[in-house]
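Okay, thanks for having me. Let me put the model up and then I'll talk you through a few parts of it.

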Amino acid sequence: MDNNKTETLIDLFAGCGGLSLGLEYAGFTTIFANEIIPEYFETYKRNRNLDESQYFVGDIKELNQNIDKYLCGFGNVDLVCGGPPCQGFSMANRQRIIDDPRNQLYKEYLTFLAKVQPRFFVMENVRGMKNKWDEIKEDIRKYLPIYMFDCALLYAEDYGIPQHRERFIVIGNKIGVEPKLIFDSIAEQKRDHFVLRDALAGLPILGNKTQKGKSNIEDAISGFTEIDFKYTEDSFYRFINGDRKISKLYNHKNRYNNPRDIEIFSRLPQGANSLHESIADIMPYKSRNDMFKDKYYKLQEDCVCKTITSHMKFDCNMYIHPWQPRGLSPREAARLQTFPDDYIIYGSQNSWYAQVGNAVPVKLAEVIGNAIMKFAK
């Protein structure tokens, strides 16, 4: 065994980098990444030391068509990870998943794996993908006939993360490791979870932003893109940051809400939604309450948070802060996704929410990486 060997990682559909960051924590080194949205990849790149030969911003189809050009010189790859967007997994959809044109990126992901032949691969997606597991097995066997693989639904809160989030995870390898052993190693890392209060504690209070359409405001009411800050180094701080001493607060900004929404935010008790009697007189969708019961939701401080999603780029009405009459800030959402506090999100403020919401929780990715690393060395 070469104890000096570095286990290499290629990250596809990289987004802002949550999945690969957790795998890096587990000991993998990212040597190449692909993402189609430049703004998202700006965050990925600026939080890492990658040169231009180590990434391709564009369509994975083009990457597959020019793979020798982009991956020349990298040698054998230990792990490829990625979560290809995949819409056609409904049980009501009778078309095979790989033949559905909406799932072209899924097919391209399998094509990439077949070309690169990494020692291990990880594919992650939403829970609904499990509905098509029989078809996915056939596809993997067709593209990767020598690989052993299996799947599991992982629940983020089982691994300390203060958020309810379910992810469908497929792990495969070509070196003869029984996949059950890897998933057993993941399960062995279960621990008590933190709750929302832990992720929010100690961050500055934000006021109600009153100027609409102005994202460049930097003050104590609206918040700051970057500011000097002294953290309370509690157990949650150490969970996401380790032993690092961080002295800056990033991406902690409020967004504009109209006076009616602010009043709704103030009245709702924790755990209540649009149907709650406290807002019946000002609820704007009373005639369609059955459709809009989750239009507003006030989070509960003593529970794990509901799933952080990219919908937050439109509004945070379903993510009302438990103590303050506002939605969660992008930094608060990032903490719930267990990004470290020095991971800076770049781009527009709405894009901050989209990037964080689309990510895999960093500490969940680390758990997966720890399990694979046991067999990769």
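Predicted model: local features only at pLDDT ≥ 70, side-chain atom pairs only at ≥ 80, totals over all residues.

Let's start with helix 6, residues 133-143. Its buried residues are W133, E135, I136, D139, I140 and Y143. Where do those buried residues fall when you look down the axis of helix 6? They sit within an arc of 155°, so they line one face of the helix. As a reminder, an α-helix has 3.6 residues a turn, so residues three or four places apart point the same way. On the face turned away from the buried side of helix 6 you get the exposed residues D134, R141 and K142.

And what do the buried residues of helix 6 pack against? That would be helix 5 (104-116), plus strand 5 (120-125), strand 6 (148-155) and strand 7 (166-173).

So, on to helix 5. The buried residues here are Y106, E108, Y109, L110, F112, L113 and V116. What covers them includes strand 1 (8-12), helix 3 (60-65), helix 4 (67-71) and strand 4 (79-82), along with strand 5 and helix 6. Just after helix 5 comes Q117, with a positive phi of about 55°.

The largest pocket holds about 870 Å³. There are 41 residues lining it, and G83, P85, E124, R167 and N358 are the ones nearest its centre. The elements giving two or more residues to that lining are strand 1, helix 1 (18-25), strand 2 (29-35), strand 5, strand 7 and helix 13 (349-358). Which element gives the largest share? Helix 13, with three residues. Split by class, the lining has 18 nonpolar, 15 polar and eight charged residues.

Last up, the second largest pocket, at about 310 Å³. It has 17 lining residues, with K209, G213, R255, Y256 and N350 nearest its centre. Here the lining divides into three nonpolar, nine polar and five charged.

That's my tour, thanks.

Definitions and conventions: Residues numbered from 1 in each chain as written. Heavy atoms only, no water. Buried < 20%, exposed > 50% of the residue type's maximum accessible area, 1.4 Å probe, protein only. Helix = DSSP H or I, 4+ residues; strand = E, 2+ residues; numbered from the N terminus. Arc of directions from axis to C-beta. Contact = heavy atoms within 4.5 Å. 1 Å grid on protein atoms, 1.4 Å probe; cavity = no way out; pocket = protein on both sides within 12 Å on 5 of 7 lines; lining within 4 Å. Points joined across faces, edges and corners; volume = space filled by probe spheres on them. Nonpolar A, V, L, I, M, F, W, Y, C, P; charged D, E, K, R; others polar.
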